[in-house]
Amino acid sequence: MTTATVLPIPVPQRPAVRHGVEFTARGEQTVVSLPEGTYLRIGEDAADLLRCLDGTRSRDEVTRTWSARLGPEPSTALLERFTQLGLLETETCTATAHGRRLSHRKPAMLQLTLYQPVRTVAVLARAGRLLSRRPVALMYVVLLVCGMYAAMTHRAPLTTSLLHPSRDMWWHVLLAMLLVNICHELGHATALATLGGNPRRMGIALLYYVCPAFFCDVSSSWSLPRRGRAVVALGGILVNAAVAALAALAGAADLAGQGPFWWRLVIANAFTITANLLPLIRLDGYLLLLAFVDEPYVRPRAMDDARAWLGRQLYGAATQPRLLQRWWSVPYGMAAMTMPALLIGGMLLALAPVLFRLGWPGTLIWALAALLALARLVAGILYVALAGRGADGAARGLKPDQQATGGG
Ligand SMILES: [Zn+2]
C-alpha cells in the first residue's frame, strides 16, 4: 500500500477556494469534492471557514480573523492543511486541473482524460429524464425479460459460444464491447447529470497499471442521497443489461446469420456486469456498497483491519481497534487485498501471448508490467510485516476515497 505523500505547498498569499470545489452539507459534515475527482468530508465549522476564503484577504488577515475562534496556531495549521489538501488556488492545483490530462489516482490507477462533459451535462440530463419516464422504464423491463427468456431457451448455442471461443471472431466482439463500454460510462454520466450532479471527466484508465478500462468521474454523486448514488453506480450496468438482452434476441433470431457473434456479445456483457458488481475494487459494485453502508473509506478501512488481523495472527501484534465497525470488515478487507493480485495476474497471463508476438517491445512492456506487479506485491507483504511489528504505526491511517466508475 502506498502511504499519502504530503507535498510542502506554500500557503498562497491571498487564499481562495479553488475553482470547481463543491460543498454539500450531509448531516453534521460537509462533503467537499475537488475538480480532479477526489472528495473528503470535513466538519461544518471547517467548511464555513473554507467557504469564506475568496482571495480578498491576505494570509495574515485570514489567520488573524480565525485566531479569535480557533487560536493562532490552529488557524495557521488549518490554512496549511487546506492548502496541502488542494482546496485552495495554487499554481500546482491550477496546473493539475487545467493542464494535465494524464493523472495518477491512488492506490494504483492512471487516468487519461479524453473528454470533459461539462457542456453536454444539460443534454445528458434531458436524455436521462426521457429514459426514466415510466413507459420507457416499462419497455426496458420487458426487454430484459424477453432477453432472459431468449437466453434460457437457447442454452445450447450460448454454451457452445462460451466453451468454444472462436479465434477469428474475438476482435469483432472486442470492437463491439469497446462501443458498449463507452455507452456504459455514458450511462453513469447520464444518471448523474439527471440527478443534478456534474460528471467531470471521461477517459481511459489503467487499473493497477495493467488493466485498461474506460472511466467516468462521478465524484460529485457524493452530494446525492444514498438512493441517487446507487442509481449512478447502476447507470452503466443498466446499459450492459440492455445490450445483453438485445444481443440475446438477435442471437435467437440468428440476425444477419451471425448467431455465434450475438451469443458471444451476451456472454461478454454478462461478464462485464458480474465483474463490475464485485465490490472488491473501485468499480460500480464498490460505489453500490458505499451507497448501501453510507460511510466513506470503507475499502481502505477494511483493508487496514485485515492487515491488523494478519499482523496479529502472523507476528502476534497487539490488538488494534477496528476502523470499520462491521462484522464483515476483516473478510471483506482480505478479499479486497487479494483481488488486485488476481486481477493483475489474470491480466498478465491474458496479455502474455499477445505481447510476446510483438517481439522485443512487447516482451519489454510485459516484463515491466510484471515487475511493477511484483514490486507491488512485495510492498504489500512488507507493509503487513512492518505494521505487524509496530515499526510503522503511522501507516494505519486513512486515505481519501476517489470516485470514478471504471471498467465498463
Ligand atoms: Zn461502471
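Reader: Where is A256 found?
Author: A256 lies in the loop that runs between helix 9 and helix 10. Keep in mind that this is a predicted model.

Reader: Which loop holds D254?
Author: D254 is also placed in the loop between helix 9 and helix 10, and helix 10 covers 259-277. The phi of D254 is near 50 degrees, again positive in a residue that is not glycine. D254 counts as partly exposed because it has 13 C-beta neighbours inside 10 Å.

Reader: What comes after helix 11?
Author: D294 follows helix 11, and its phi is positive, near 55 degrees.

Reader: Why is helix 11 called largely enclosed?
Author: Helix 11 spans residues 284-293, and seven of its 10 residues are buried, so the rest of the structure largely encloses it.

Reader: Which residues of helix 11 are the buried ones?
Author: They are D284, G285, Y286, L287, L288, L290 and A291.

Reader: Let's zoom out. How many helices and strands does the chain have?
Author: The chain has 14 helices and eight strands. It has 408 residues, and 37% of them count as buried.

Reader: How many residues are in the largest nonpolar core?
Author: That core has 67 residues, and V232, A247, A248 and V266 have the most contacts inside it. Helix 9, residues 226-252, supplies the largest share of this core, with 15 residues. There is also a second, separate core of 13 residues, and L34, Y39, L49 and L79 are among them.

Reader: Why would nonpolar side chains end up in one place?
Author: In soluble globular proteins, nonpolar side chains tend to be buried together.

Reader: What is A247 in contact with, leaving aside its neighbours in sequence?
Author: Once neighbours within four places are left out, A247 is in contact with W262, L265, V266 and N269.

Reader: How do the axes of helix 8 and helix 9 cross?
Author: Helix 8 is residues 170-194, and its axis comes within 7 Å of the helix 9 axis, crossing at roughly 140 degrees. The two helices are therefore oblique to each other, since angles over 145 would be needed for roughly antiparallel. Their crossing is right-handed.

Reader: Which residues meet there, between helix 8 and helix 9?
Author: The helix 8 side includes V180, C183, H184 and G187, and the helix 9 side includes V231, V232, G235 and V239.

Reader: At what angle do helix 8 and helix 10 cross?
Author: Roughly 50 degrees, with axes that come within 10 Å. Helix 8 and helix 10 are therefore oblique to each other, and this crossing is right-handed. On helix 8 the contact is made by H172, V173, A176, M177 and V180; on helix 10 it is made by F261, R264, L265, A268 and N269.

Reader: Changing topic: which helix has P157 in it?
Author: P157 is in helix 7, residues 155-163. P157 counts as partly exposed because 17 C-beta neighbours lie inside 10 Å.

Reader: Last one. How many bridges join strand 6 to strand 7?
Author: Six bridges join them, and the two strands run antiparallel. One of the paired residues is G203, whose partner in strand 7 is F215. Strand 7, residues 211-217, is mostly covered, with six of its seven residues buried.

Note on methods:
Residues are numbered from 1 along each chain as its sequence is written. This is a predicted model: local features need pLDDT of at least 70, side-chain atom pairs count only at pLDDT 80 or more; totals for chains, interfaces and linings use all residues. A nonpolar core is a set of buried Ala, Val, Leu, Ile, Met, Phe, Trp, Tyr and Cys residues joined through C-beta atoms within 7 Å. A residue is buried if 20 or more other C-beta atoms lie within 10 Å of its own, exposed if 12 or fewer, and partly exposed in between; C-beta atoms are placed from the backbone. Helices (H or I, at least four residues) and strands (E, at least two) are DSSP runs, numbered from the N terminus. Two residues are in contact if their C-beta atoms, placed from the backbone, lie within 7 Å. Two strands pair if DSSP finds at least two bridges between them. Axes are lines fitted to C-alpha atoms, for helices over the stretch in contact, and angles run from 0 to 180 degrees between N-to-C directions. Angles under 35 degrees count as roughly parallel, over 145 as roughly antiparallel, 65 to 115 as roughly perpendicular and the rest as oblique. A crossing is left-handed if the near helix is turned anticlockwise from the far one by less than a right angle, and right-handed if clockwise.
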